[in-house]
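Reader: I'm new to this. Could you walk me through the structure and tell me how the terms are decided?

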Protein chains: 2
Amino acid sequence: MRRFLRNDGGMAAVTMTMVAREAGVSVSTVSHVINGTRPVAAHTSRQVRQAMERLGFTHQPVARSLAAGATTTIGVAIPLSGDPFHQELFAGIEGEARRQKFAVLVSDTSDDPERERAAVANLVAHHVRGMLISPTAGWTSGAAKVIREHRLACVLVDRLQRAQFDQVGVENERATVTLVEHLLTKGHRRIACMSGRQGLSTTEERIAGYRAAMDAAGVAVDESLVVSGDSTDTGGRRAMRALLALPERPTAVFIANDSMSMGALRALNEAGCLIPDDIAVVCFDDPPWGDLCSPGLTAIAQPTFAMGARAVQLLAKRIEDPEATPSTLRLRGEVTHRGSCGCRG
Amino acid sequence: MRRFLRNDGGMAAVTMTMVAREAGVSVSTVSHVINGTRPVAAHTSRQVRQAMERLGFTHQPVARSLAAGATTTIGVAIPLSGDPFHQELFAGIEGEARRQKFAVLVSDTSDDPERERAAVANLVAHHVRGMLISPTAGWTSGAAKVIREHRLACVLVDRLQRAQFDQVGVENERATVTLVEHLLTKGHRRIACMSGRQGLSTTEERIAGYRAAMDAAGVAVDESLVVSGDSTDTGGRRAMRALLALPERPTAVFIANDSMSMGALRALNEAGCLIPDDIAVVCFDDPPWGDLCSPGLTAIAQPTFAMGARAVQLLAKRIEDPEATPSTLRLRGEVTHRGSCGCRG
DNA sequence: CTGTTAGCGCCTTCAA
DNA sequence: TTGAAGGCGCTAACAG
């Protein structure tokens, strides 16, 4: 009969029991020395530490977790496929987690509510101490429920919700206003807005920013210029084609994320449109290649890496004090002027 | 006194004991039903399954791991900072791991041997069932040792070593030859080679490919044209500046990865060099933005995502049969012709 | 085919 | 200031 698991052959690990024997004390003393959970005589403590040193003791998180009822692992549930944004976000998370001595368990959501629910359930099963999540449009009825049921420490990243959880994102509306205002200042009136996936808070906030700027300038929004690129590369291409097929083309376009801007630029190239002469382009997210295309892309640079790090910090606080009132952090994006807006970067 | 861990407040989980009681059988029977580790009467089995269903039982991997002496988690130790390559690789890994029911624990190596050793040790402490690693230049004396000591199942990704472990990478030399041959065919003779970080196997193999192609064409290599960009963005920029500062500039350059090509293109732009007229460019890795810069980048597209997936498959096999002889998988890269080589893409 | 039992390594209450 | 002992939830001998 096939054995279940059982990872034989690995070097036998040094356990607390061995350390206790070596130091001539009890296991409980060793445990308390390690965790500082009760006063130990300086003398004894030293003995134990030396024994640990000699034997090369390292903790076994799984045993500790079982006994303590909680791990030192945090879960991360985000879409992993493709866009530079989430990838950099993840790098930020991992770095700060390491600093805080958390292990990181990842589960891709593919930006799909059902997958997201499964991902969260999986993380819960692994007894993660808390989790970071970049919620999908349909998370409320799935993942959110699971999290609440388990009273899991949780921080929302990027896509914020109604302040029920800790969360960290950027000032989407404000940044978008700045960008669209810039286009208006340069005389554009037919400004298109290529928004992201329906239902994401970032999508809504960026659209709101677009409308606010247009309103403030007294320019009526032509609704045929407000299209969705579904937050993806291919979606952006499709959306841009649609805009170009309009009887009266826009003279400028605001694109709500990096993936879509890739697709949009492709469509523009295919159509032989010149940027910024035929159409000016600005976008949210400053992708790494933003200065390599010509003209360079005028964009909002998000502090993506920092966002990941701050999220972990919020989570650590939440774990420390589960009763604290949830806080929302809005980081500021920064405009990078290059040539695509017509500024000659 | 502060309590250690203890994650109170979470909903009490359904345990196997509860299922056993509900089904009127013993825990061991429940365990065997779940794991299929011994024959169970169809009748009993059904009882158990129904009980699980009613109670909403879910496994507790940490308890299972402690008892079984091994987890169902695999560790991933790769550099996470920046380059699209490792990010896509990771996406490939995560996807296949999910399919195989592995949880994924990540630890950034930052491409630094010491960090890498720490990352591996950390994964070992978490009792990962096996790990995937994209080894740094100095891994032999650090991480490799730890892995051997613990007899850990391990698959090397991208940067291959001397067949002591299972490994999967691409045909670096062959692909590079193709690319450089292409430049030679177009009449270039002063072809520069911007290589990656010293000591990485990919670096060596790509340099070897460059030399092989030059040799085959009977062109002597001008050693001043073989420079290192340290595999990074900034390194690539520096290296390209150096090439441009040469008394006799190269007429073409082969760049050994995507990050460096970003830096190199920047340097080229700054210097006002026209591609491909002043200098033709080809590179290893086909970055997502390869068709957005103008002219588009002629490049080797690696099957990065697939590489991650295959690595997980190899690992699964290795875990299944620890004694099998290690296998090496070489995936094929594909040339994408665009304008930067002078082909008018 | 199934139940009983002994741990896995660690944390923590209770006694001393 | 310390030790002894029980238990976290699960797996896997060992007996029926």
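Reader: What makes β10(A) and strand β12 of chain A a pair?

Author: Bridges do: DSSP has to find at least two between two strands, and three join β10(A) to β12 (residues 334-336) of chain A, so they count as paired, running antiparallel. Strands themselves are DSSP runs of E, at least two residues long, and helices are runs of H or I, at least four, all numbered from the N terminus. By the way, this is a predicted model, where local features need pLDDT of at least 70, side-chain atom pairs count only at pLDDT 80 or more, and totals for chains, interfaces and linings use all residues. Residues are numbered from 1 along each chain as its sequence is written, with chains lettered from A and ligands numbered from 1 in the order in which they are written.

Reader: Which way do β9 and β10 of chain A run?

Author: Parallel, with three bridges between β9 (residues 280-284) and β10 (residues 298-301). Phe284(A) sits opposite Ile300(A) in β10(A).

Reader: How do you know what relation chains A and B have?

Author: Superpose them by least squares on C-alpha atoms of residues with pLDDT of at least 70 in both. A rotation of 180° with 0.1 Å of shift along its axis does it, at RMSD 0.2 Å. That's why it is called a two-fold axis relation.
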